[in-house]
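Subject: Structure handover and findings

Dear colleague,

Please find the structure below, with its sequence. My notes on what turned up in it follow directly after.

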Amino acid sequence: QVQLVESGGGLVQAGGSLRLSCAASGRTFSNYAMGWFRQVPGKEREFVASISRGSTNTGYADSVKGRFTISRDNAKNTVYLQMNSLQPEDTAVYYCTADRISYQSRSWDYWGQGTQVTVSS
């Protein structure tokens, strides 16, 4: 089992920045690809960004490319999502996820509880 705990969410004005963190425990963090998803009430959870085990590869949703950056620190068992130029449409609950196989997974293995990000206009 892998436990994932997100932090760093909050309220920010449009154009502002936030950095989300996700602390992992339970298994060897560097063995897992990591990702971020987000969900708005009434809508499906959507992919935001992902990163491979050794940080060699990353992937982003088109809607966040150039604004968000995913990174990880395997020594700290933590993955980050730096979010810049935030817009009201980025408002959502953000979830951290882990996968044993690939940063391009279509079925992620573990999920955190989520952290709320609210962007005011």
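Four aromatic pairs come out of a search of the whole structure, which is a predicted model. In one of them, the ring centres of Phe37 and Phe47 are 5.6 Å apart and the planes stand at 80 degrees, so this pair is edge-to-face. The two residues are 10 positions apart and link distant parts of the chain, with Phe37 in strand 4 (residues 33–39) and Phe47 in strand 5 (residues 46–51). Phe37 has a relative accessibility of 11% and counts as buried, whereas Phe47, at 29%, counts as partly exposed.

Phe37 also pairs with Trp108: here the centres are 6.1 Å apart and the planes are at 75 degrees, so this pair too is edge-to-face. Trp108 sits in the loop between strand 9 (92–99) and strand 10 (110–111) and Phe37 in strand 4, so the pair ties together parts that are 71 residues apart in sequence. Trp108 counts as buried because its relative accessibility is 8%, and the cut-off for buried is under 20%. Taken together, ring pairs join Phe37, Phe47, Trp108 and Trp111 into a cluster.

The charged end of Arg45 sits over the Trp111 ring at 4.6 Å from its centre. The charged end of Arg45 also sits over the ring of Tyr95, 3.9 Å from the centre of that ring.

Next, the backbone. Most residues other than glycine have a negative phi. Two residues to look at here are Ser55 and Asn77. Ser55 is not a glycine, yet its phi is positive, at about 70 degrees. Ser55 belongs to the loop between strand 5 and strand 6 (58–60), and with 34% relative accessibility it counts as partly exposed. Asn77, likewise a residue other than glycine, has a positive phi near 55 degrees. Asn77 is in the loop between strand 7 (68–73) and strand 8 (78–83) and is partly exposed, its relative accessible area being 28%.

What does Leu81 touch, leaving aside residues up to four places away in sequence? Its contacts include Trp36 and Tyr94, and among the others are Leu18, Leu20, Val48, Phe68 and Ile70. Arg19 and Thr69 are also touched by Leu81.

Finally, the overall figures. The protein has 11 strands and zero helices. Along the principal axes, the C-alpha atoms fill a box of roughly 40 × 25 × 25 Å. Of the 121 residues, 43% are buried. Among contacts with a separation of 6 or more, 57% are between residues 24 or more positions apart. The accessible surface comes to about 6300 Å², and carbon and sulfur atoms account for 44% of that area.

Regards

Conventions
Residues numbered from 1 in each chain as written. Predicted model: local features only at pLDDT ≥ 70, side-chain atom pairs only at ≥ 80, totals over all residues. Heavy atoms only, no water. Phe/Tyr/Trp six-rings, centres within 6.5 Å; stacked < 30°, edge-to-face > 60°. Helix = DSSP H or I, 4+ residues; strand = E, 2+ residues; numbered from the N terminus. Buried < 20%, exposed > 50% of the residue type's maximum accessible area, 1.4 Å probe, protein only. Lys NZ or Arg CZ within 6 Å of the ring centre and 35° of its normal. Contact = heavy atoms within 4.5 Å. Areas by Shrake-Rupley, 256 points an atom, 1.4 Å probe, with all protein chains shown as cover.
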